[in-house]
Amino acid sequence: MVRVLLPAMLRPLADGRSTLEVEASTLGGVLDSLGAGFPALERRLRDETGALRRYVNFYVDGEECRRLDGAKTSLAEVKEVQIIPSVAGG
């Protein structure tokens with residue numbers, strides 16, 4: 001099982017939960033599981049083609065997934081995925 005940590009801004013899309021437990025072998029599998037239970041959350045994390053949204057950062061045990069293998073990042077030994085949307089202002 002992989003624990004997924006959600007920031008406050010995404011919790012309303014996951015029934016107010018700050019953590020979710022999913023079973024998956026890749027980051028993409030985690031997103032598939034989240035999408036099955038919380039479609040509105042998935043739309044905030046992936047675009048229409050299924051690619052990771054560029055303004056959302058996914059940390060796999062502290063490593064940004066784009067420095068690893070993106071959505072194909074293996075979660076064989078992973079315990080935690082943290083999702084952090086970018087926040088901009090002006």
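Is R66 buried, exposed or partly exposed? R66 is partly exposed, with a relative accessible area of 36%; here buried means under 20%, exposed over 50% and partly exposed in between, with a 1.4 Å probe and protein chains only. The model is predicted, so local features need pLDDT of at least 70 and side-chain atom pairs pLDDT 80 or more, while totals for chains, interfaces and linings use all residues. Residues are numbered from 1 along each chain as its sequence is written, and side-chain values use heavy atoms, without hydrogens and water.

**The sheet**

Begin by selecting the strands (helices, H or I of at least four residues, and strands, E of at least two, are DSSP runs numbered from the N terminus). Five strands form an open sheet in the order β2-β1-β5-β3-β4, with mixed pairing; two strands pair if DSSP finds at least two bridges between them. β2 and β4 stand at the edges with a single partner strand each, so one side of each has no neighbour in the sheet. Next, display α1, which packs on the sheet and touches β1, β2, β3 and β5 (contact means heavy atoms within 4.5 Å). The direction of α1 makes about 110° with that of β2, where axes are lines fitted to C-alpha atoms, for helices over the stretch in contact, and angles run from 0 to 180 degrees between N-to-C directions.

Now move to β1 and β2, which run antiparallel and are joined by four bridges. L5 has T19 of β2 as its bridge partner. On β2, L20 and V22 form the covered face, whereas T19 and E21 form the uncovered one.

**The core**

Select L34, L45, F58 and I83. These residues have the most contacts inside the largest nonpolar core, which has 23 residues; such a core is a set of buried Ala, Val, Leu, Ile, Met, Phe, Trp, Tyr and Cys residues joined through side-chain atoms within 4.5 Å. Two or more residues each come from β1, β2, α1, α2, β3 and β5, and α1 gives the largest share, four residues. The buried residues of α1 include L27, V30, L31 and L34. Centre the view on I83: beyond four places in sequence, its contacts include V4, L34, L45 and F58.

E80 lies in β5 and R3 in β1, so the pair ties together parts that are 77 residues apart in sequence. The count of salt bridges comes to five.

E64 counts as buried, at 11% relative accessibility. The side chain of E64 also reaches the backbone nitrogen of R66 at 2.7 Å.

Finally, select R46, in the loop between α2 and β3. R46 counts as buried at 11% relative accessibility. Its side chain makes a polar contact of 2.6 Å with that of D32, and another of 2.6 Å joins the side chains of R46 and E42. A polar contact is a pair of N or O atoms within 3.5 Å; within protein, one must be able to donate a hydrogen and the other to accept it, and residues adjacent in sequence count only if both atoms are side-chain atoms.

Note on methods
A salt bridge is a side-chain nitrogen of Lys or Arg within 4 Å of a carboxyl oxygen of Asp or Glu.
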